[in-house]
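Student: I'd like to learn how to read a ligand site from a model. Can you walk me through one?

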Amino acid sequence: MERSAFPIVVSGPSGVGKTSICQGLLAGDPWTAYSISVTTRPMRPGEEDRKDYEFVAEATFDALVMMGELAEWAVVHGHRYGTRKKVIQETVARGRDIVMDVDVQGGMSIKELYPESVLIFVLPPSPAALEERLRGRGTDDEEVIQTRLRNSLDELKWAPRYDYVVVNDVLDNAVRDAKAIAVAERLRTSRVRID
Ligand code: ADP
Ligand code: 5GP
């Protein structure tokens, strides 16, 4: 079946639950595929190269930027992350909506290059909930957590520039909302008439 696939960008501040919502969007939906980003950050235990990320050296990342291979890239927590144009183009050509987990500015860049993208901004239910999630992630010291929290709260100002906002209070509800957005956009882009 021919269908017009499009990028679904899930963005928002660090720790808000983007990864969790992307996993929910991908689960049991054959029309979606995950966008594997390129990164210079070290691989964490349990991660796999070319499944979670394409892990590359700084020089390789530089070369990708120079050759114009990346649709966008950003520095997050001191490491570089980017999305290959080829990954987006090939996934969409296969008829799969490409689910992308990118930082707040990366989302804006994707929309500029691919105006058909659907941008979802994930909001925390409260600053306290965001702090709890940032804390729940590992062994970072208090200063690092407080800096990340300040940066994350500052990034909330980007929300009005996104197409949709999903509040991640109860995760299942946030995933349900994100799925509803994907379904509504599919109907809109395939110009299905209800009447
Ligand atoms: P991000 O990808 O935006 O940095 P994650 O998806 O990694 O965020 O989530 C950050 C932490 O918060 C993880 O430990 C995750 O399990 C937890 N989390 C995500 N959504 C919720 C939620 N709705 N309620 C409670 N904890 C959550
Ligand atoms: P982590 O290292 O915890 O997996 O991801 C850190 C941050 O990098 C997350 O906020 C995620 O959204 C962002 N990120 C991951 N891949 C990309 C990408 O390709 N582009 C941009 N701009 N941000 C990314």
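Student: Which helix gives the largest share of the shell around ligand 1?
Tutor: Helices are DSSP runs of H or I with at least four residues, and strands are E runs of at least two, numbered from the N terminus. Here helix α1 (residues 18-26) gives the largest share, 3 residues. This is a predicted model: local features need pLDDT of at least 70, side-chain atom pairs need 80 or more, and totals for chains, interfaces and linings use all residues. Residues are numbered from 1 along each chain as written, chains are lettered from A and ligands numbered from 1 in written order, and side-chain values use heavy atoms, without hydrogens and water.

Student: How many residues surround ligand 1?
Tutor: A residue is near a molecule if one of its heavy atoms lies within 4 Å of it. For ligand 1 the count is 14, with Lys18, Thr19, Ser20, Arg137 and Asp169 the closest.

Student: Which polar contacts does the ligand have?
Tutor: Look for pairs of N or O atoms within 3.5 Å. A backbone N or O atom of Val16 is 3.3 Å from a ligand 1 oxygen. A polar side-chain atom of Arg133 is 3.3 Å from a ligand 1 nitrogen. A polar backbone atom of Leu171 lies 3.2 Å from a nitrogen of ligand 1.

Student: Where is Arg50, and is Arg50 buried or exposed?
Tutor: Buried means under 20% relative accessible area, exposed over 50%, partly exposed in between (1.4 Å probe, protein chains only). Arg50 lies in the loop between β3 (37-39) and β4 (53-55). At 59% relative accessibility, Arg50 is exposed. Arg50 is not a glycine, yet has a positive phi of about 70°.

How values were computed
Polar contact = N/O pair within 3.5 Å; in protein donor to acceptor, adjacent residues only side chain to side chain.
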